[in-house]
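The sequence and the structure come first.

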Amino acid sequence: MRYCILIHLVRTVVVSTVSAFAFTDEEQNFLGSNKVLGTGNLNYDASRFRCDLSRPIDPSKDGLVSSEELFTGAEALETMVQRHQPLVRIPSVCYDDLGDFDDDERWKPFYDIPVVLEETYPNVHKYATVETINRFGLVYTVWGSDEDAPPILLTAHQDVVPVEEKTLDRWEHPPFDAYYNETDGYLWGRGASDDKSAITAIMSAMEALSSQEEYQPRRTVILAFGFDEECSGYRGAGEISKHLEERYGQDGIAVIVDEGGAGLQSLGDTLYALPAVYEKGYLDVWFDLDIIGGHSSTPTPHTSIGIMSEIVTILESNPFQPEIIRNGPVHQSLVCLARYSPDAMPELTKLIRHGDLKAAAHVLSQASRETQYFIQTSQAVNWIAGGQKINALPEFVTLGVNHRYAPQDSIGSIQDRIVSLVQDVVSKYNLRLQAFEDDKDYAEYLANKGISSLRENASQSWEPIYNGTLVLETRKKSYITPQSPTSGAVWDVFAGTVRHTFAREASTVVAAPGGMTGNTDARHYLNLSKNIYRWSPGSLKSFSNIHTYNERLLMSEHINMAKFYYDFIRNFDQADL
């Protein structure tokens, strides 16, 4: 059991970095009017990186009630439960095939969300400007007095994934009943964790602030709630981002916090806070094979399905290689693990201290799939279709392969790799190959590498003639997001807030930014700020069964999310960035 816990920690810590600022004491720090909490250099040599931590930052100079006093005790817990339940009861499901707002009745539950929020958080609605973007997007703005201070943005999404009908009998409590079990402390329901937990915590923090006359914000606070994150977010966060960019301009927001990361993970007396500072890239590659058909009583030696199966075998026999990039986020995070939890995985600690990243990558790739794909591009054969009738040779077959690519790879390099891998099959069956025609990423990669595309049509005689064509095409792709800073004033306030809010949870709190294998609404906000941190401030036990049956939220930890957002808003209000 202990080994499993360690592997679980490494899975989360492996994509992390921390601030490289050295402070000699652990005393609470207060933000002064002109105080900058250190300096940093993103180009430092990892051999000198020691994983020194930013100071915890206490926001109490503003004279407001502390988060500990507001969000501790039975009454505070009951309030959080009562606020969260009506939101979870709304079946705001995002289906991939949702139509227009006026034509598709499945949008109707989304009309209930702003009504519930207004009833639940009266003070927020009293002081904030509330805007509706593209029918269901919600933007709350609490205006600050200093127009020169860039605002902060806290985001979440209103939508949830569907509940499979076949799993309803597996739910211990109906998915939209929002049942709260006082015995184990969990609130059950679809979206209880992902991501309505963030909406309730953010709004509760803002309600607590708005309820105090002493709260006179200097810095503007924006709350933005999209409504189709589970369907890629183009109608929700995508439109909200355009609206905010028109108002504040490119890079006009000081810092953005969205869901994501690996939450909070304990290892011994050390608590790791693991926000993500980047997202892996995304690439779907489709293989369309068109060959001669015929009657199955006189078949060719291989049908289109058989030929495509050979391609599948070749792809799966040639996985991408894991790599820890020297001086990159994974390397830095492992330095942190080696420093603060050296006995967790002694072999890994030894390798990191000796700078043997190749061996360290092997250890991580063998530890679990999670650790493997933080440092390796994933390749998944997820979709295949072909054949119309049992007695007819299939003329067409289509294959879909999904990639989530790591920083050492690129769209162009993956495309070129695929072309190389299928060459033997193309030659063997005398196929015509049309590879990524008019694809800018592929063309640029070939040009930069000095590679000719003529090989795509190379073939040799072979009987029988299949008269076939293999077309390779990219239909959906996104690039690795820029890495948010892990040093400087903004990072120090973020990390310092984390260390203050959770100081009671462990003797040492290590704020260690990491990466994500998936995507969040944050990808739509990239133009708004260079400081984007994807982090859901809770442990894995608090966010249970996300995207499957029996999703639930541990409310005793959910209340800590509200503490963090409350302290975060206060600290950034006092910070000079």
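The model is predicted. The link of cysteine 51 and cysteine 336 is right-handed, with 100° about the S-S bond. This pair joins distant parts of the chain, 285 residues apart: cysteine 51 sits in the loop between helix 1 (2-13) and helix 2 (67-70), and cysteine 336 belongs to helix 9 (residues 329-340).

The sulfur atoms of cysteine 51 and cysteine 336 are 2.1 Å apart. Both of these cysteines are buried.

Cysteine 94 lies in the loop between helix 3 and helix 4 (112-120), and cysteine 231 in the loop between strand 6 (221-226) and helix 7 (237-248), so the pair ties together parts that are 137 residues apart in sequence. Cysteine 94 and cysteine 231 are both buried.

The count comes to 2 disulfides. With the bonded cysteines numbered in sequence order, the pairing is 1-4, 2-3.

## Helix 3

Helix 3 (residues 74-88) has 15 residues, which should span 21 Å at 1.5 Å a residue; its end C-alpha atoms are 21 Å apart, in agreement. Its buried residues include Ala76, Met80, Arg83, His84 and Gln85.

## Helix 8

Among the buried residues of helix 8 are Ser304, Ile307, Glu310 and Leu315. What covers the buried residues of helix 8 includes strand 11 (281-290), strand 13 (378-386) and helix 13 (411-428).

How values were computed. Residues are numbered from 1 along each chain as its sequence is written. This is a predicted model: local features need pLDDT of at least 70, side-chain atom pairs count only at pLDDT 80 or more; totals for chains, interfaces and linings use all residues. Side-chain values use heavy atoms; hydrogens and water are left out. Buried means under 20% relative accessible area, exposed over 50%, partly exposed in between (1.4 Å probe, protein chains only). Helices (H or I, at least four residues) and strands (E, at least two) are DSSP runs, numbered from the N terminus. Contact means heavy atoms within 4.5 Å. The expected span of a helix is 1.5 Å times one less than its number of residues. A disulfide is a pair of cysteine sulfur atoms within 2.5 Å.
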